[in-house]
2 protein chains.
Amino acid sequence: MLVGIDLGGTSIKAGLVDREGRILIQSSIDTKVGRDYRLIIKDMEKQIEKLLEDYGSGIDEIESIGIGAPGLMNYKSGHVIYCTNLFWNNVPLGVELQEYFKKPVYIENDATVAGLAESLFGSTKNVPNSVFITIGTGIGSGIIINNKVYSGSNFAGSELGHMIIGDNFYRCNCGNNGCLETFASATAMIKYAAHRLSEDKVKSVILDKADGKLENINAKIIFDAAKDGDQLGKETVDRMIKYLSIGLINVYNILDPDVIAIGGGVSKAGDFLIERLKEEVGKMFFTPNIKYGNIVLAQLGNEAGILGAAFLGMNM
Amino acid sequence: MLVGIDLGGTSIKAGLVDREGRILIQSSIDTKVGRDYRLIIKDMEKQIEKLLEDYGSGIDEIESIGIGAPGLMNYKSGHVIYCTNLFWNNVPLGVELQEYFKKPVYIENDATVAGLAESLFGSTKNVPNSVFITIGTGIGSGIIINNKVYSGSNFAGSELGHMIIGDNFYRCNCGNNGCLETFASATAMIKYAAHRLSEDKVKSVILDKADGKLENINAKIIFDAAKDGDQLGKETVDRMIKYLSIGLINVYNILDPDVIAIGGGVSKAGDFLIERLKEEVGKMFFTPNIKYGNIVLAQLGNEAGILGAAFLGMNM
């Protein structure tokens, strides 16, 4: 039996998972971010013990524990190098859990973990090379090469959201200008629509749907406005698709995977999004002599975090 | 003993190579591009037989034959999918040589082959993950992951030159706008300088050094002008370094290799280029908590083609 943990800025989701990828039992607790990291780790220990108790099982039956968290993870040393949401720098997350449970503990970036889950049980199953891209507040990604997680030599790879693809009107949190996530995330769509509404004073139903408040705008409002034929809504969606397609063509020209899977909040736009992306990316392919990998919707949703984390140990 | 062939639009270089990576004997013949592909392949067969004869050896002593060529290569089927310089589409290069010599024949993209050579015997030796970037007329690249060549699922990966990183004033040969090679190749530098000279009527010693003719401008003239303090020379070099640095930071954020090696004609700018790149890329790193991989000059020069091709069979 495996333990998978999805550590986020809001909640910690944990589950017991069997080797066929079934989540046997799971729970969610508040992260209560801002506390000393030791208190958060202590809560994770209790959460695992409670799951084992509720399932009528013991720690002896656990093969390994895996954790996915936002940020950069040193999977060799077990340290969280950097995690914005939790305000963590160089936190010995894996080390402490390993000492407590006396079991192998594996940590990885949360999008990488979700990419692994999709590769084992979801949208990118049965192919050796795949790229999972999760589009929400930011853009994260997980690269699978030869059926294994690839996150680089210094734990800093697989950050497709920070691929620079143009000049933008605002800078990325990372300090650079032009990162993919500043063009194609939900935040990017919201910032662009708000920018056009406030700077260019364009008229749009987006503002009405947001009760007249810029801060109420979200990606769903923008997609709905676009579907209703609203000009700014359409322009904002078109812009997102244009730049996301550039990001994807770069993925094809660099990694040429068998499948690209799109997940995260923005992927709720569903087949509409996938079809538009295929159309735009199709225009940019290098040669017609090749059948390039497919673009699909991710399948596992929120469970990808627990599932992928649980299987980190099997993938090393 | 191994045979390595570097097939280019101008010449075909071939060599016999031992398993320690020593080129025992080599020769170069004219490609005479434009002929029926069968004639070119026939010439390669004769070239190999002549090398064997001159070295006093026989085909029985050959383990495998490897070929690097510009373009996309189907290393599984042995077909050249696409090669602009040779005007080849779907040419059974590997198939025909294999039938003729009754030995395993491996084909790969020429930059990928050079990347393999650097990884085995040159600038990126002893590290598992590296990226070789050759900057000349265009930009090619070779990706090594876990000590193996990585060129994607459909033979279309590792084309870093076609990574889109901005908007440019001219389109790339691939049909897209904003490819790295339209910003950072020798051709890109020449086009930019010529564009500024003709469109913006700027004054520069570049035109003097080119005997007043735009078509005489080359990268060396531009680098020399920049060193002499010429304004357009400096701007052209700065622009190349700015965009090449964006390309490199994307490589770090996606692949996070142990080493990035720069080769090709533009790399003759030497340490000056490497130091400027390190400085610019250093400003864009995601976090100071990580020691990122180094940027170095490639070491093998023209021999990388024969050497890497020879070892393709050892790397599969």
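Colleague: Which residues touch the most other members of the largest nonpolar core?

Modeller: In the largest nonpolar core, which has 120 residues, A:I262 and B:I262 touch the most other members. A nonpolar core here is a set of buried Ala, Val, Leu, Ile, Met, Phe, Trp, Tyr and Cys residues joined through side-chain atoms within 4.5 Å. Leaving aside residues up to four places away in sequence, A:I262 touches, among others, A:I133, A:I135, A:L248, A:S267 and A:L297, where contact means heavy atoms within 4.5 Å. This is a predicted model, in which local features need pLDDT of at least 70 and side-chain atom pairs count only at pLDDT 80 or more, while totals for chains, interfaces and linings use all residues. Residues are numbered from 1 along each chain as its sequence is written, chains are lettered from A and ligands numbered from 1 in the order in which they are written, and side-chain values use heavy atoms, with hydrogens and water left out.

Colleague: Why is the pair of B:Y100 and B:F101 called edge-to-face?

Modeller: Rings of Phe, Tyr and Trp (its six-membered ring) pair if their centres lie within 6.5 Å, and planes under 30 degrees apart count as stacked, over 60 as edge-to-face and the rest as tilted. In chain A, the rings of A:Y100 and A:F101 are 4.9 Å apart, centre to centre, with 85 degrees between the planes, and the pair is edge-to-face. For B:Y100 and B:F101 the centres are likewise 4.9 Å apart and the planes at 85 degrees, so this pair is edge-to-face too. The whole structure holds 24 aromatic pairs over all chains.

Colleague: What makes A:F101 buried and A:Y100 partly exposed?

Modeller: Buried means under 20% relative accessible area, exposed over 50%, and partly exposed in between (1.4 Å probe, protein chains only). A:F101 has 8% and therefore counts as buried, whereas A:Y100, with 37%, is partly exposed. In chain B, B:F101 is buried at 7% and B:Y100 is partly exposed at 35%.

Colleague: How do you know that A:K50 and A:D54 form a salt bridge?

Modeller: The term requires a side-chain nitrogen of Lys or Arg within 4 Å of a carboxyl oxygen of Asp or Glu, and the closest N and O atoms of A:K50 and A:D54 are 2.9 Å apart. Because these two residues are four residues apart in helix α1 (residues 37–54) of chain A, about one helical turn separates them. A:D224 and A:K220 also meet in a salt bridge, at 2.8 Å from N to O, and they too are four residues apart, in helix α7 (residues 219–227) of chain A. Helices (H or I, at least four residues) are DSSP runs, numbered from the N terminus.

Colleague: What links A:D18, A:E20 and A:R22?

Modeller: A network of salt bridges links A:D18, A:E20 and A:R22; between A:R22 and A:E20 the closest N and O atoms are 3.4 Å apart. A:E20 counts as exposed at 52%, while A:R22 is partly exposed at 49%.

Colleague: Why is the relation of chain B to chain A that of a two-fold axis?

Modeller: Chain B can be laid on chain A by a turn of 180 degrees and a shift of 0.0 Å along the axis, with an RMSD of 0.0 Å, and that is the relation of a two-fold axis. The copies are superposed by least squares on the C-alpha atoms of residues with pLDDT of at least 70 in both.
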